[in-house]
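Please read it alongside the sequence and the coordinates.

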Amino acid sequence: QVQLVESGGGLVQAGGSLRLSCAASTGTFSMFRMGWFRQAPGKEREFVAVISQSGSSTYYRDSVKGRFTISRDNAKNTVYLQMNSLKPEDTAVYYCAADRSNLIRAAFSGYWGQGTQVTVSS
């Protein structure tokens with residue numbers, strides 16, 4: 001079992017920045033691919049970013065490329081999402097996810113956090 005706890009969400013004005021963190025309870029954190037997803041009100045959950053086990057590979061949805069950066073610190077069992085140049089359309093609950101897939105673009109099928117709210121005002 002893996003427990004994931006997100007933090008760092010909040011209210012920010014358009015153009016601002018936030019850094020989300022996701023702390024994992026597992027002792028085998030380095031074996032997990034980690035990702036960030038988000039769900040806006042009335043919308044389906046969507047993929048945001050993913051990072052491979054070693055951190056050597058990342059992939060982002062087009063709308064956040066150049067603005068968001070995913071990273072991980074395996075020594076701290078933590079994955080981050082640095083969000084810059086935030087837009088109102090980034091408003092959503094952001095979820096951390098983990099699974100053992102070695103395929104960077106594969107669908108996630110594993111563990112999920114409870115989410116943290118990000119609100120971007122215009």
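## Threonine 91 and its surroundings

A polar contact is a pair of N or O atoms within 3.5 Å; within protein, one atom must be able to donate a hydrogen and the other to accept it, and residues adjacent in sequence count only if both atoms are side-chain atoms. With that criterion, the side chain of threonine 91 reaches the backbone nitrogen of valine 120 at 2.9 Å, and the side chain of threonine 91 also reaches the backbone oxygen of proline 88, at 2.9 Å. Threonine 91 is placed in the loop between β8 and β9 (92-99), where strands (E, at least two residues) and helices (H or I, at least four residues) are DSSP runs numbered from the N terminus.

Threonine 91 counts as buried because its relative accessibility is 18%; buried means under 20% relative accessible area, exposed over 50%, and partly exposed in between, with a 1.4 Å probe and protein chains only. When neighbours within four places in sequence are left aside, threonine 91 is in contact (heavy atoms within 4.5 Å) with Ala40, Gln117, Val118, Thr119 and Val120.

## Basis of the values

The model is predicted, so local features need pLDDT of at least 70 and side-chain atom pairs count only at pLDDT 80 or more, whereas totals for chains, interfaces and linings use all residues. Residues are numbered from 1 along each chain as its sequence is written, and side-chain values use heavy atoms, with hydrogens and water left out.

## The open sheet

An open sheet is formed by 4 strands in the order β1-β3-β8-β7, with antiparallel pairing; two strands pair if DSSP finds at least two bridges between them. Its edge strands, each pairing on one side only, are β1 (4-7) and β7 (68-73). Within this sheet, strand β3 (residues 18-24) and strand β8 (residues 78-83) pair in the antiparallel sense over 6 bridges, and leucine 20 has leucine 81 in β8 as its bridge partner.

## Aromatic pairs

The whole structure holds 5 aromatic pairs, where rings of Phe, Tyr and Trp (its six-membered ring) pair if their centres lie within 6.5 Å, and planes under 30 degrees apart count as stacked, over 60 as edge-to-face and the rest as tilted. Phenylalanine 32 and tyrosine 111 form an edge-to-face pair, at 6.2 Å centre to centre and 70° between the planes. Phenylalanine 32 lies in the loop between β3 and β4 (33-39) and tyrosine 111 in strand β10 (residues 111-112), so this pair ties together parts that are 79 residues apart in sequence. Phenylalanine 32 counts as buried at 4% relative accessibility, whereas tyrosine 111 is partly exposed with a relative accessible area of 27%.

The rings of phenylalanine 37 and phenylalanine 108 have their centres 5.3 Å apart and their planes at 85°, and therefore form an edge-to-face pair. This pair also links distant parts of the chain, with phenylalanine 37 in strand β4 and phenylalanine 108 in the loop between β9 and β10, 71 residues apart. Both phenylalanine 37 and phenylalanine 108 are buried, and ring pairs link Phe37, Phe47, Tyr59, Phe108 and Trp112 into a cluster.

## Threonine 28

Threonine 28 is found in the loop between β3 and β4 and is partly exposed, with a relative accessible area of 33%. Its side chain and that of threonine 26 are joined by a polar contact of 2.9 Å. Threonine 28 and asparagine 77 are 49 residues apart in sequence and 8.6 Å apart in space, C-alpha to C-alpha.
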